[in-house]
Amino acid sequence: MFQQLEMKSITRSFGDYQALSSMNLSIKAGEFVSLLGPSGCGKSTALNCLSGLLPLTAGEIWLDDRRIDTLPPERRGFGMVFQNYALFPHMSAKKNIRFGLEMRKVSAADQSRRVDSALSLVRLQQHADKLPGQLSGGQQQRVAIARAIVIEPPLVLMDEPLSNLDAALRIEMREEILRIHQTLGLTTIYVTHDQDEALAMSDRIVVMKEGVMQQQGAPQELYNRPINIDVALFMGYRNLLDVTATAAPRAGRLKVSHKGADLDATALTDIADGPLIAAFKPDDVVFSDSGLPATVDSVIYGGRDSTVKLDLEHGGQIHARVSDAVRPGDRVHVSVPAEHLLVYPRPAQPIARP
Amino acid sequence: MTSETIAASTASRSANADPSTVAGRDLRLLMIVPGVLVIVGLFVYPFIYGFISSFNPQGENAEWLANYQRFFSEPRLYETVGKTLWLALPVTILNVGLAVPFAFMLRTPSRGQRLLSTLLVIPMTLGTVLVAEGLMLYLAPNGWLNRSLLELGLLGSPLRLLNNYWGVALSLLITGFPFAFMMMLSYTTGIDPTLARAAATLGASPMEQFRRIYLPLLVPGLTITFCLTFVQAFAVFPSAVLLGAPAGATRVISIAAYEMAYEEYNWSMASTVAMVMGATQLVIVGIVLGLRQFSYRGPVVGGKG
Amino acid sequence: MDFIRDTMLPRAWRWFVIACMVFFVINVLLIIISVVVSSFGTGWFTGWLPEQFTPKWYGEAWKEFQLQHVLLVTVEITLAVVAISLGVGVPAAYALARLQFKGKSLIMLLFLVPLMVPPITYGIPLATVLYQTGAGGTMWGVILANLVPSVPFAVLVMTPFIEQIDPRLESAARVFGASSLTTFWRILVPLLMPGILAAGILVLIRTISMFELTFLTAGPDSQTLIVALYYSMFAAGVRAQQSVDAMAVIYMLTTMTGLLIALRFVDPSQLVGRVKSQKV
C-alpha cells in the first residue's frame with residue numbers, strides 16, 4: 001500500500017479552455033475525499049487525470065516516491081466506478097468482477113476466492129451469474145463497485161456513482177459505499193455535485209469551481225467556515241444581503257450595515273474596503289424581539305420545522321427554517337447570530353446560485 | 001390549449017369516433033398497401049414463379065428435376081459455384097477482416113473520419129461497371145499501377161492483373177471494402193467507449209481491451225456485415241465479364257444464368273441457375289448466422305445512460 | 001466526455017491504419033482519373049500521360065453511342081422510378097413508422113429482403129415474368145424492375161425522418177377537423193420535405209447506377225447510360241477506347257452531381273447504419 005498521494009499543480013486544458021487549473025492536493029491512505037462542485041467545475045477532469053484516462057497538460061502526480069502521471073491507466077491499478085457503471089454487457093456479474101483479476105494474472109483459485117468475497121461484500125451472491133441487463137440499477141452499481149475493489153487498488157475513484165439511482169436507493173448506497181470503504185480500509189476519491197452526499201460521506205471535501213480548487217477541509221469546516229461566497233453558496237448559505245462595513249474591515253467580528261440597519265457579522269478572511277455581501281443559512285435565522293423587522297410571505301410546513309419566506313422591511317427577501325408557528329402576513333423580527341452571518345467581498349458580476 | 005390537452009382530447013376522440021377508423025381498423029394502414037403490392041408483385045411472385053418454373057424444364061417429356069440434373073452434371077455449369085465462391089469468400093474475408101480493425105482505429109468522431117467516409121462512398125456510388133472501366137486502364141500493363149511499380153524498381157516486368165482472377169478480385173475489393181468499412185464503423189461507434197476505459201482501469205492493455213471487450217460485442221455486427229458483403233460479392237457480374245476471364249477462371253454463376261436466359265433462351269434453366277445461386281447464398285448466410293448463436297447478443301452499453 | 005483520450009490507440013497503429021486508408025482512397029481516385037485522362041487523350045500507349053489532349057472524343061461518343069437518346073431514356077426512366085418510389089414509399093414509411101399492427105415485422109422483412117438480395121439473383125426470374133407479360137424490353141419493364149430495390153430504399157430512408165416528427169402535431173391538426181388525408185398533405189408532406197428530397201436524390205443515384213436489373217430487362221430502345229456503357233465496353237475494339245472513356249466520364253458526372261447534392265442532406269454512415277439496425 002502507500003502513504004500519500006500527491007497532486008502537484010496538475011493542469012488540463014482542451015485548446016484554450018482550462019478544465020483544471022493547477023490543482024494541488026495530497027491524500028493520505030485511508031481517507032475518503034470528495035470532489036464537490038457543479039457540472040463543468042473540473043471535478044471529473046481531475047478524476048480522469050488521476051485514473052490516467054486523460055493525460056495531464058502540466059503538473060505531476062506522485063504515489064509516495066513513484067511518479068505515476070506518465071503511466072497509462074492499465075498500469076496505474078486504481079479502481080474506478082463510472083457514472084453509467086460501464087459494466088461489460090456480455091459478461092455475467094461474476095465475470096465482470098473477475099476481469100481485473102484475470103488481467104493481473106491472479107491464479108484461478110485465488111480469483112474464485114476473491115470474486116466470492118467481493119460478491120458477498122456487496123451482497124450479490126445469488127445474482128452472480130446474471131448479465132448486467134438482468135440486474136436492477138442498484139445491483140449494477142454494486143457489481144461496478146465490487147469490480148473496482150476486487151483488485152485491491154491503492155485508490156478507488158468514483159465518478160458520481162449514485163447520480164443514476166432514485167432518491168431512496170441513493171441514501172442506501174451511500175451507507176453501502178461507506179461500509180465497504182471502512183471494512184476494507186480503502187482510500188476513496190469521490191466525485192459528486194450533491195453537497196448532502198459529500199457532507200454525509202467524506203473525511204475531507206474539496207470544493208471546485210471553473211477548474212479551480214476553492215477550499216478543502218473537513219465537512220464541518222466547510223459547512224461552518226466557507227472561505228468565499230462561492231463555497232458558501234454551495235454549502236447552503238442561500239440568504240444574501242448587500243451590506244457595507246461601518247468600520248475599517250478586517251478579519252474577525254465586525255459591524256456592517258444593511259440599508260441603515262446595523263448587524264453584527266464575522267469575516268473569515270481579511271477583506272478590503274468596498275461593497276460587501278453577507279451570507280447566512282436559513283437554519284441560522286432566529287425570530288427575536290429585536291433585529292430586522294419583516295413580514296411573513298409564505299410558509300412551507302415541513303414537520304419538525306417550516307421553511308418561511310420573509311420580506312424584509314429594509315428590502316430584500318430571505319428564507320428561514322424555524323420551528324415557530326407563523327402565518328403569512330405576520331410581522332416578525334429576525335436576527336442571525338454574528339458567528340453565522342458571514343461577510344465576503346461583493347463580486348462584480350451578479351451571483352449565480354447553484 | 002396546451003399540447004397535453006390536445007393529446008388527451010385526441011386520445012378520447014380516437015376512442016370514440018375517429019373519422020379515420022372503420023370498425024376499429026385504422027384506415028391509415030391502407031397507406032402501406034401500394035408498397036406491399038409492388039414488392040409482392042415484382043419480387044415475391046417472380047421468385048415463386050422462377051422456383052416453380054425451374055421444375056418445369058423446357059422440351060418434351062423432361063423430368064421435373066431435369067434442369068437440376070443438367071446443372072450438376074455439366075462442368076461448365078456446376079463449376080461456376082466453386083469459381084464464384086473462390087472469388088467471393090476470400091475477398092469478403094479480406095474486406096471484413098480489414099474493415100474491423102480500420103473501423104476500430106477510426107471510431108472516434110473527427111473531421112477526418114467524415115471526409116474519409118465521404119470519399120469511400122464514391123466507389124460505392126459509381127458502381128461496378130465504372131470501376132471496371134477504370135481498372136481496365138489502371139491495371140493495364142502500361143497503366144499507372146504497373147508503371148509506378150516498375151519505376152520504383154519493385155518489379156522487373158509488369159504484373160498481369162487483367163482478364164484473370166486478380167482483376168475481378170480487385171474490383172470486388174474496391175466496391176466491397178467501403179461498404180464493409182462503413183457498416184463496421186457504425187457498429188463500432190455504437191459501443192459505449194466507457195467500457196474500454198473501465199477495462200483499462202482494470203489493467204487491460206489496448207490489445208486486451210479490443211479482444212475481450214470490443215470483439216465480443218462486435219460479433220453480431222460482424223456477421224451481418226459479412227453476410228451482406230458476401231452476398232454482394234457472390235453476385236459479381238459485370239466486372240467478371242469485363243476484367244476477368246469469363247470463359248475461364250472467373251466464369252461466375254451469374255454469367256451462367258445470363259447465358260441460359262439470353263443466349264440459349266432457356267428461361268426455365270436460367271431460373272434454375274438463379275435458384276442455385278440464391279440457395280448457395282442462403283447456405284453461407286445460414287452457416288454464418290448459425291455461428292453467431294454462440295456469441296453474446298444484446299445491448300452494447302454498460303448500464304443506464 | 002468527448003474530450004477523453006482514447007485509451008486504446010497506440011499511435012503507430014493509428015498512423016498505419018490511416019496510411020492504409022489514404023492509400024486505398026488514392027488508388028480509387030487514380031482509377032477514376034485514369035478514365036478522365038484517357039477520355040481527353042489522342043493515344044496512350046507508353047508514358048505517364050497521353051501524347052496529346054483533345055476534346056474530340058466527347059463529340060464522337062455523343063454521335064456514335066447516340067447519347068442524346070440514351071440520356072433521354074435515362075432521365076425518363078429515372079424520374080419515373082423516383083416519382084413512383086416516393087409516391088408508394090412515403091405512405092408506406094409513414095404507416096411503418098407510426099402504426100402498430102399485426103404482421104408488422106413480416107412487412108418490415110418484406111421491405112428489407114429486396115435490399116439485401118443482390119439484383120442479379122432475383123433479376124432473372126423477374127425478367128422472365130416481365131417478358132411473359134410483354135413488359136420486358138420496354139421502358140415500363142425497366143421502370144418496374146427498378147422499383148423492386150427503390151421502393152424499400154425510399155421506405156428505409158424516410159422512416160427516421162417520419163419518426164422525428166412529433167405525432168402530437170398530427171393530433172393537433174385532426175382535433176381542428178382535418179381528415180387523415182388532409183393531415184398527410186397539409187401537415188406531414190411539408191414537414192417531410194427534406195426527407196423526401198433526400199430519399200428522392202438517393203433513389204435517383206441508385207437508379208442511374210443500377211446496372212444489373214436494367215441490363216436484364218432493357219431492350220435496344222430502353223437502355224440507360226450505364227447499360228449502354230457496359231455494351232460499349234463489352235464490344236471493346238469496335239470503337240475507340242477513348243470514346244468509351246468519354247461516355248464513362250459523362251456517366252460519372254451525372255452520378256457524382258447527384259451524390260454531391262445528396263451528401264448535403266444525409267450522412268452516408270447513418271444510411272448504412274440504418275440497414276444494420278434493422279433485424280435480419
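# Exercises on a predicted model

In this predicted model, confidence within chain C is lowest in helix H13 (residues 268-277), with a mean pLDDT of 47, and highest in helix H10 (residues 212-217), at 93.

## Exercise 1. Confidence in chain C

Task: find which stretches of chain C have a pLDDT below 50, and state the average for the chain.

Solution. 
- Step 1. The average pLDDT of chain C is 83, and 90% of the residues score at least 70.
- Step 2. Residues 1-8 of chain C have a pLDDT below 50; this stretch makes 32 contacts in the model beyond near neighbours in sequence.
- Step 3. Where pLDDT is low, the predicted coordinates should not be read in detail.

## Exercise 2. Two chains in outline

Solution. 
- Step 1. The C-alpha trace of chain A spans about 75 × 45 × 35 Å along its principal axes. For chain C, the corresponding box is roughly 75 × 60 × 35 Å.
- Step 2. Chain A has 354 residues, of which 53% count as buried. Chain C has 280 residues, and buried residues make up 58% of them.
- Step 3. Take the contacts with a separation of 6 or more. In chain A, 65% of these are between residues 24 or more positions apart. In chain C, 73% of these are between residues 24 or more positions apart.

## Exercise 3. Strands S11, S12 and S13 of chain A

Task: work out how strand S12 (residues 252-258) of chain A pairs with S11(A) and with S13(A).

Solution. 
- Step 1. S12(A) runs antiparallel to strand S11 (residues 239-245) of chain A, and two bridges join them. A:Thr244 has A:Ser257 as its bridge partner in S12(A).
- Step 2. S12(A) also pairs with strand S13 (residues 261-267) of chain A, in the antiparallel sense and over seven bridges. Here A:His258 stands opposite A:Ala261.
- Step 3. Two residues lie between S12(A) and S13(A), which form a hairpin. In its turn, A:Lys259 has a positive phi of about 50°.

## Exercise 4. Helices of chain B

Task: describe how H4(B) packs against H7(B), then explain why H8(B) is largely enclosed.

Solution. 
- Step 1. Helix H4 (residues 75-105) and helix H7 (residues 165-189) of chain B pack at an angle of about 35°, and their axes are 7 Å apart. The crossing of H4(B) past H7(B) is right-handed.
- Step 2. The contact between H4(B) and H7(B) has 22 nonpolar, three polar and no charged residues.
- Step 3. Helix H8 (residues 193-201) of chain B has nine residues; eight of the nine are buried, so H8(B) is largely enclosed by the rest of the structure. Among the buried ones are B:Leu195 and B:Arg197.
- Step 4. The cover over these buried residues includes helix H1 (43-51), S6, H2 and helix H4 (137-149) of chain A, together with helix H9 (206-234) of chain B.
- Step 5. Just after H8(B), B:Gly203 has a positive phi of about 105°.

## Exercise 5. The surroundings of C:Thr224

Task: where is C:Thr224, and which residues is C:Thr224 in contact with?

Solution. 
- Step 1. C:Thr224 is in the loop between H10 and helix H11 (225-234) of chain C.
- Step 2. With a relative accessible area of 2%, under the 20% cut-off, C:Thr224 is buried.
- Step 3. Leaving aside neighbours within four places in sequence, C:Thr224 is in contact with C:Val70, C:Thr74, C:Ile77 and C:Thr214.
- Step 4. C:Phe211 is 13 residues from C:Thr224 in sequence; their C-alpha atoms are 8.6 Å apart.

Technical notes:
Residues are numbered from 1 along each chain as its sequence is written. Chains are lettered from A and ligands numbered from 1 in the order in which they are written. This is a predicted model: local features need pLDDT of at least 70, side-chain atom pairs count only at pLDDT 80 or more; totals for chains, interfaces and linings use all residues. Side-chain values use heavy atoms; hydrogens and water are left out. Two strands pair if DSSP finds at least two bridges between them. Helices (H or I, at least four residues) and strands (E, at least two) are DSSP runs, numbered from the N terminus. pLDDT is the predictor's confidence in each residue, from 0 to 100. Contact means heavy atoms within 4.5 Å. Axes are lines fitted to C-alpha atoms, for helices over the stretch in contact, and angles run from 0 to 180 degrees between N-to-C directions. A crossing is left-handed if the near helix is turned anticlockwise from the far one by less than a right angle, and right-handed if clockwise. Ala, Val, Leu, Ile, Met, Phe, Trp, Tyr, Cys and Pro count as nonpolar, Asp, Glu, Lys and Arg as charged, and the others, Gly among them, as polar. Buried means under 20% relative accessible area, exposed over 50%, partly exposed in between (1.4 Å probe, protein chains only).
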